[in-house]
Amino acid sequence: NSNSYSLFTQVMASCGMPVNKGVAKDNKESLSDALKSCLECDIIVTSGGVSMGEYDYVKEVMKELGMDEKFWKVAMRPGKPNLFGTIAGKPFFGLPGNPVSTMIGFEVFVRPAIMKMLGRKGGDRIEVEALLEEDVKTKKGLTFFVRAQTRWENGGYVTKTTGQQGSGMLSSMVKANSLIIVPEDVDTVKTGSMVKVKFLS
């Protein structure tokens, strides 16, 4: 259950006060009970159970509890099966279950929401242009968030990936201080290209 620890830390780093409601079983009754207990919080965040699997009940149960669904599935990687809606006037974020997908989903969707609720206009993550030190291959039709190490060198930023980019590869997430953002209309970014980078701290 690595996701509870990473989310707990990400909430704290976003100036929020995390409340860990534990792990729900893969059945509607357990999930419903767990989600009802979350309604006391200002923001509800879940991890897992939002894809197309046999036991992925989060979307169904949240709708039964009164969620107004805003979107489900996003053209991004990692983290395509993101779910967002509102319930009792509160934002609900159903993040994917793969560890890196959860962390990236939080960074892209949840943290900006927390920042806005705290009155911080524009968020607080710095975005820069950086010189790419290696080829990066992606896939058209999806915005990619590539884990990277970005540094200042010789009067400008340079960046390179931190290794394998699978959604279960926590090691490359731990090593990253930034994300290279590759737009959906690109499938290969060549060495020496300038890319957009978002710092993670």
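Modeller: In this predicted model, a strand is a DSSP run of E with at least two residues, and the strands are numbered from the N terminus.

Biologist: What makes the peptide bond between R77 and P78 cis?

Modeller: The omega angle is about -5° for the bond that joins R77 and P78, and this peptide bond is cis. Most peptide bonds are trans.

Biologist: What is the phi of K73, and where is the place of this residue?

Modeller: K73 is not a glycine, yet its phi is positive, at about 80°, and its place is in the loop between β2 and β3. Most residues other than glycine have a negative phi.

Biologist: Why are β1 and β2 called edge strands?

Modeller: The open sheet has four strands in the order β1-β5-β4-β2, with mixed pairing. β1 and β2 (68-72) each pair on one side only, which is what makes them the edge strands.

Biologist: How do you know that β2 and β4 pair?

Modeller: Pairing requires at least two bridges between the strands, and β2 and β4 (residues 83-87) have four, in the antiparallel sense, so they count as a pair. Within β4, F84 stands opposite F71.

Biologist: Which strands does α4 lie across?

Modeller: α4 lies across β1, β2 and β5 (90-95), and its direction is at about 170° to that of β5.

Biologist: Why is the contact of R125 with E107 called a salt bridge?

Modeller: The cut-off is 4 Å between a side-chain nitrogen of Lys or Arg and a carboxyl oxygen of Asp or Glu; the closest N and O atoms of R125 and E107 are 2.7 Å apart, so the pair meets it. Because R125 lies in the loop between α4 and β6 (127-132) and E107 in helix α4, the pair ties together parts that are 18 residues apart in sequence. The whole structure holds nine salt bridges.

Biologist: Which residues are the closest to the centre of the largest pocket?

Modeller: This pocket has a volume of about 1200 Å³, and of the 43 residues that line it, L7, V19, K21, V45 and T46 are the closest to its centre. The largest share of the lining, five residues, comes from α1.

Biologist: How many residues of the lining of the largest pocket are nonpolar, polar and charged?

Modeller: The lining has 25 nonpolar, 12 polar and six charged residues.

Definitions and conventions. Residues numbered from 1 in each chain as written. Predicted model: local features only at pLDDT ≥ 70, side-chain atom pairs only at ≥ 80, totals over all residues. Heavy atoms only, no water. 1 Å grid on protein atoms, 1.4 Å probe; cavity = no way out; pocket = protein on both sides within 12 Å on 5 of 7 lines; lining within 4 Å. Points joined across faces, edges and corners; volume = space filled by probe spheres on them. Nonpolar A, V, L, I, M, F, W, Y, C, P; charged D, E, K, R; others polar. Contact = heavy atoms within 4.5 Å. Axes fitted to C-alpha atoms, helices over the stretch in contact; angles between N-to-C directions.
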